[in-house]
Amino acid sequence: EKKKGLEAKAFTKDLLENNNIKIKESIKRTEKHYDNMIMWSEVNKDGLPDLNYKLVKEPVVKILSAPSFLKFEYSNTFLIFTRNTINRFVLKGTASGWSGSSESLIEEKIQYGLYAPDSLTLVGAELFWLSEEGVIRWSEEGIQNISGNVIDIALNESMLGIYCSEKNQYWLHNNETNITFVYDLTYRRWTSFSGLDILSSTLLTAGLNVENLNIFLTSDFNIKHYPSDR
């Protein structure tokens with residue numbers, strides 16, 4: 001065993017000093033993560049060509065297609081949210097030409113970015129989310145800060161956005177404090193309550209608004225629903 005160890009050591013030395021040429025040990029390189037990069041494939045292709053990319057100013061938080069109230073003005077458009085900006089990616093022309101076009105990526109807003117990723121909620125044809133400026137509502141009326149100078153909502157990146165269709169409300173839930181901020185879409189008023197434990201939520205539709213249920217997953221992995229029969 002000792003002899004084998006010496007032979008292996010001599011062999012390694014020969015590799016590093018072959019013909020009086022010293023070879024340095026290989027350097028392990030760490031991969032760089034481009035969190036601010038958008039990449040895409042060609043039409044009906046699976047691979048991502050190296051040149052098919054665009055860079056935004058900050059790491060990408062969410063990407064979604066433009067909601068229906070923006071379809072006329074933002075036809076074939078994806079919205080790209082970062083913490084401080086909203087960009088729109090216009091799918092015009094060919095996929096290979098988007099990277100070289102200055103019109104394919106447009107910075108739309110710079111003060112109403114997405115602070116809490118899970119707060120972004122599609123309510124009908126409108127969007128609601130928590131930004132550093134407050135709670136934002138984007139509808140056919142434009143972008144509005146609906147919490148500014150109205151209600152004090154402490155910033156928390158883990159806040160969860162929920163649409164309660166039975167009450168036509170947008171809920172913004174903080175599971176660390178169990179406080180839920182509620183915005184009534186009909187009367188445009190805020191309120192808050194405490195006591196809910198919600199890790200995630202989905203909406204179960206039975207056909208009519210009065211039959212819709214919000215299904216909640218709690219931190220102890222139980223399933224609850226609202227409205228409740230208890």
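Q: What are the ground rules here?
A: The model is predicted, so local features need pLDDT of at least 70, side-chain atom pairs count only at pLDDT 80 or more, and totals for chains, interfaces and linings use all residues. Residues are numbered from 1 along each chain as its sequence is written, and side-chain values use heavy atoms, with hydrogens and water left out.

Q: How many salt bridges are there?
A: The count comes to seven. A salt bridge here is a side-chain nitrogen of Lys or Arg within 4 Å of a carboxyl oxygen of Asp or Glu.

Q: Which residue does Glu157 pair with?
A: Arg83, with 3.6 Å between the closest N and O atoms. The two are 74 residues apart and link distant parts of the chain: Glu157 is in the loop between β12 (142–145) and β13 (160–164), and Arg83 is in the loop between β6 (77–81) and β7 (86–90). Strands are DSSP runs of E with at least two residues, helices are runs of H or I with at least four, and both are numbered from the N terminus.

Q: What network is Arg83 linked in?
A: A network of salt bridges that links Arg83, Glu132 and Glu157.

Q: What about Glu141?
A: Glu141 meets Arg188 in a salt bridge, at 3.1 Å from N to O. Glu141 lies in the loop between β11 (134–139) and β12, and Arg188 in the loop between β15 (179–184) and β16 (189–194), so the pair ties together parts 47 residues apart in sequence. Arg188 is partly exposed, at 41% relative accessibility.

Q: Where is the N to O distance 4.0 Å?
A: In the salt bridge between Lys167 and Glu166. Lys167 is partly exposed at 40% relative accessibility, and Glu166 is partly exposed at 29%.

Q: Back to Arg188. What is its phi?
A: Positive, about 55°, although Arg188 is not a glycine. Most residues other than glycine have a negative phi. Asn178 also has a positive phi, about 60°, and is not a glycine.

Q: Where does Asn178 sit?
A: In the loop between β14 (169–174) and β15. Asn178 counts as partly exposed, at 28% relative accessibility.

Q: What lines the second largest pocket?
A: Its lining residues include Thr121, Leu160, Tyr163, Thr202 and Asn214. The elements giving two or more residues are β9 (121–123), β13 and β17 (200–204). The largest share, four residues, comes from β13.

Q: How do the lining residues divide by type?
A: Five are nonpolar, five polar and none charged. Nonpolar means Ala, Val, Leu, Ile, Met, Phe, Trp, Tyr, Cys and Pro; charged means Asp, Glu, Lys and Arg; the others, Gly among them, are polar.

Q: And Asn214, buried or exposed?
A: Buried, at 2% relative accessibility. Asn214 is in strand β18 (residues 213–217).

Q: Which residues form the nonpolar patch on the surface?
A: Tyr34, Met39, Leu48, Tyr53 and Leu55, with about 470 Å² of accessible area together. Patch residues have over 30% relative accessible area and no salt bridge; nonpolar side chains (Val, Leu, Ile, Met, Phe, Trp, Tyr) are joined within 5 Å, and like charges within 9 Å. Areas come from the Shrake-Rupley method with a 1.4 Å probe, and for residues only the protein chains shown count as cover.

Q: Where is Leu55?
A: In strand β4 (residues 53–55). Leu55 is partly exposed, with a relative accessible area of 45%.

How values were computed. Buried means under 20% relative accessible area, exposed over 50%, partly exposed in between (1.4 Å probe, protein chains only). On a 1 Å grid over the protein atoms alone, a cavity is a set of points where a 1.4 Å probe fits but cannot get out, and a pocket is an open set with protein on both sides within 12 Å along at least five of seven lines; lining residues have an atom within 4 Å of a point.
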